[in-house]
Amino acid sequence: VQLQASGGGLVQAGGSLRLSCTASGFSFDGYNIGWFRQTAGKEREFVARIDWSGGSTLYTVSVKGRFTISRDNAKKTMYLQMNSLKPEDTAVYYCALDLREFSSGDYPKYWGQGTLVTVSS
């Protein structure tokens, strides 16, 4: 199982980025997928999750209304569209997936390598 995240970068506050995470080595269907983020000295924080069907999403309060998670099962890829970015969104973002649903405080079974998002003020 491999997850390859991409799309991070430097953006000004108020700008947008789209993160992608492509899976390989297994069947993508049936897995709940999501994103976490981490800054230095802090615990990894849940950001968003979408269920295996794409019909149910969950967001942490701080990103609700600004971020949108989606998936393309045919491409084995998940996305995180991030709009109206704020300096406090600066972090390394990790994609993750698990057969079980997950949210804050959980630790999904599979993880990508992380992609750095930096939002300047």
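How many of the six residues of strand E8 are buried? Keep that question in mind while you set up the view. This is a predicted model, in which local features need pLDDT of at least 70, side-chain atom pairs count only at pLDDT 80 or more, and totals for chains, interfaces and linings use all residues. Residues are numbered from 1 along each chain as its sequence is written, and side-chain values use heavy atoms, with hydrogens and water left out.

**Stop one: strand E8**

Select residues 77-82, which form strand E8; strands (E, at least two residues) are DSSP runs, numbered from the N terminus. Five of the six residues of E8 are buried, so that the strand is mostly covered, where buried means under 20% relative accessible area, computed with a 1.4 Å probe on protein chains only.

Two strands are said to pair if DSSP finds at least two bridges between them. Strands of a sheet pair through backbone hydrogen bonds, either parallel or antiparallel.

Thr68 stands opposite Gln81 in E8, while Ile69 stands opposite Leu80 in E8. Between the two strands of this hairpin there are four residues, and Lys76 takes a positive phi near 55°.

Turn next to E3, which is joined to E8 by six bridges, the two running antiparallel. Here Cys21 stands opposite Met78 in E8. Show the side chain of Cys21 and follow the disulfide (a pair of cysteine sulfur atoms within 2.5 Å) to Cys95, with 2.0 Å from S to S. The pair links distant parts of the chain, since Cys21 is in strand E3 (residues 17-24) and Cys95 is in strand E9 (residues 91-98), 74 residues apart. The link of Cys21 and Cys95 is right-handed, with 55° about the S-S bond. Cys21 is buried, with a relative accessible area of 1%, and Cys95 is buried as well, with a relative accessible area of 0%. A search of the whole structure finds one disulfide.

Note on methods
Buried < 20%, exposed > 50% of the residue type's maximum accessible area, 1.4 Å probe, protein only.
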